[in-house]
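I set out to record how the parts of this structure meet. The entries below follow the order in which I looked things up.

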Protein chains: 2
Amino acid sequence: MEAAIEEAPFDGLADAERKALARCRHAVLGADRPLRLDCGVELGPYRVAYQTYGTLNADKSNAVLICHALTLDQFVAEEHPVTGKEGWWDSLVGPGKVLDPARYFIICINVLGGCMGTTGPLALDASGQPWNLRFPVVTVADMVRTQAALLDHLGIPDLFCVIGGSMGGMQVLEWAASYPARVFSAVPIACAARHSAQNIAFHEVGRQAIMADPEWKGGDYRQHNTVPARGLSVARMTAHITYLSEQALQRKFGRALQDRDALGFGFDADFQVESYLRYQGSTFVDRFDANSYLYITRAMDYFDLAAAHGGVLANAFKGTPTRFCLFSFTSDWLFPTRESREIVHALNAAAANVSFVEVESDKGHDAFLLDEPEMFRTLAGFLKGAAAVRGLKDVP
Amino acid sequence: MEAAIEEAPFDGLADAERKALARCRHAVLGADRPLRLDCGVELGPYRVAYQTYGTLNADKSNAVLICHALTLDQFVAEEHPVTGKEGWWDSLVGPGKVLDPARYFIICINVLGGCMGTTGPLALDASGQPWNLRFPVVTVADMVRTQAALLDHLGIPDLFCVIGGSMGGMQVLEWAASYPARVFSAVPIACAARHSAQNIAFHEVGRQAIMADPEWKGGDYRQHNTVPARGLSVARMTAHITYLSEQALQRKFGRALQDRDALGFGFDADFQVESYLRYQGSTFVDRFDANSYLYITRAMDYFDLAAAHGGVLANAFKGTPTRFCLFSFTSDWLFPTRESREIVHALNAAAANVSFVEVESDKGHDAFLLDEPEMFRTLAGFLKGAAAVRGLKDVP
């Protein structure tokens, strides 16, 4: 298998993905046993790009899987190879932090359909052509299947904890539902058991913006040496508004003007909030693939854990041995607290061991990525308790 | 003046505008005394398109001005000349309705910058070329100035009531602040005294979507015989989400599929909410001008009544003789109740006569256009009281 990893074809990868792969680990899986996707397609071989922090202990009991959100990736706690920014969960992961690599073997895997090394529409098919829109539509369950396959490959039988926010939280729920025996504890943050109509609507706007861009070329922009930059930028701008609370935008920007003393009476960015959004849109294009954005938003839209279990969410967790700790944020309007409550109710109905904290925060959905002391304290306590039951040493 | 109206140049008008003008009244104003806009430009002559219902009484005391929202127009209570749909406020205006043309002389004026007959970027300049992006950026105060000029032209000294929702509510507030002696009663619905950072952000996304469309041609699409249909459609889709509540979307669509029994594993509209949004986007293009959309969203962004009065909102209403009745809706997240409360506080500080009702509704911002019995009952009572004070007859 190691040989196969080394021989993974790097040709045709986008620059960003090349940089990512040069800085993380990866495995080529499914060559012998292809992955059967929810859509019915069999995929294999496929590449899984991942990053690890810390060391797996002798009894393999300290593995923590971090599941990333829509546009994040495996570079959890280090400088990003493309943007040069700090790790997206540096606040939580690192020496002395709640998830300390001195104690845990921390793994984060770029999701299936992604663009940071794991196989997605950016990858090449057997004939050496980019998949683009011929890549099969994947689901959150498919993402989790590739993660389980990687753990098999790495010889990790089970996980001390699976943790993630937003789409990462959906993966956590899917892990607990699909592989209960492999999940000792689960921490779904700022997520839902199914994507709401409003959330599908916002994703659809983003996809339409990308597909409306003539540079998208029906998904074949790479062959045409174009980038649907404007469409992808508009998609990101729309999504970005949903990640912040109205209060956060008001506090951060209000009606403050950008580099001017008076209204410009034109269509330049008069207001700071416009300038900020334009910047968010334009920088996103440098680090994310437009087709990947289509696929991953689609996977989130398709997520409906109850539907996959006879329409009853509690069935997804029947007899679960997993210990759960859920978090939501008061000002998160993308995944409001009631969505977490529905999961808690289902877990209670399944007689699961579950804690739930609604964290007071005015930062909106993005709060899960920020320094939220109440969440960190509660999470540390939860992990300490779980570690004691698991018999994990060195967790204070 | 009547001659000027008849001679108004119809050349070069878009089809939709031509149809609109054929079905409503219009006046050409400002030929002798141009309108000085907030941006400093003097505009004139300019055309004002409007519709009226009912008859002005002998003492000219029964005039009601309805101010329309962003993409609405003067066709309040009749079949729309372009879409063929019923009037947008048919529920409120008509025989036996709260605003009955048998009692009131009802006027609605297409806003400055609009595309249903009033001068905007669609109109031709003195040289016969479409204004497009050379049209001056207008404000809500400019819109109100043209409305006051039309009333002068029609010989209507003052208004029994000025009423409107959303951007229409902004105009109502501006009327009360700028022409207090001409406004006997004012009904601002589902609006704010200044556009919030989040609202500016959503508008900016819409504008960027339009301007990203290569068919927009820097605003000169008419000369190129193109239409930035995809950009305008994405803009409308984004805005449309903000007009509905999360609950309304969930109730109306949830995760119901469109014309299929199972997920399609593709990027067609799997979900009804996607199909609905796409329809909203595509039909909008047939009735609204993309440049107008840029101008009118900009006017809303610029609206900040306190800023125009030394930073103190109460100053805008100092000594006001107007009777106010405000409405907000519990599930309106575009103009939430707290925005209306701020106006009420300012009116109280100015010792104004003010009523305020927060209507329980799960329909979101769009509730102001729908059949909301609590609002209608309260409004009827308010108007009855105002009519009694005014000495208006025939208001039961």
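These notes treat the interface between the chains and then the domains of chain A.

**Entry 1: the model.** I noted that this is a predicted model, in which local features need pLDDT of at least 70, side-chain atom pairs count only at pLDDT 80 or more, and totals for chains, interfaces and linings use all residues. Residues are numbered from 1 along each chain as its sequence is written, chains are lettered from A and ligands numbered from 1 in the order in which they are written, and side-chain values use heavy atoms, with hydrogens and water left out.

**Entry 2: chain B against chain A.** I looked up the contact (heavy atoms within 4.5 Å) and found 54 residues from chain B and 55 residues from chain A. I then took the buried area, which is the accessible area (1.4 Å probe) that two parts lose on being put together, summed over both. Chain B and chain A bury about 4800 Å² between them, and 66% of this lies on carbon and sulfur atoms. On the side of chain B, Arg255(B), Phe265(B) and Phe267(B) lose the most area to chain A, together 18% of what that side buries.

**Entry 3: charged pairs between the chains.** I searched for salt bridges (a side-chain nitrogen of Lys or Arg within 4 Å of a carboxyl oxygen of Asp or Glu). The rule finds 12 salt bridges across the interface of chain B and chain A. One salt bridge joins the side chains of Arg207(B) and Glu274(A), at 2.7 Å from N to O.

**Entry 4: the domains of chain A.** I read the domain assignment (its bounds come from an automatic or database assignment). Chain A has domain 1 (2-194 + 307-390) and domain 2 (199-297), and their C-alpha centres lie 25 Å apart. In contact are 35 residues of domain 1 of chain A and 30 residues of domain 2 of chain A.

Entry 5: Which residues of domain 1 of chain A lose the most area to domain 2 of chain A? Leu70(A), Thr71(A) and Trp333(A) do, together 24% of what that side buries. The two domains of chain A bury about 2700 Å² between them, 58% of it on carbon and sulfur atoms. I found one salt bridge across the interface of domain 1 of chain A and domain 2 of chain A. I also recorded that the side chains of Asp362(A) and Arg251(A) meet in a salt bridge, at 2.8 Å from N to O.
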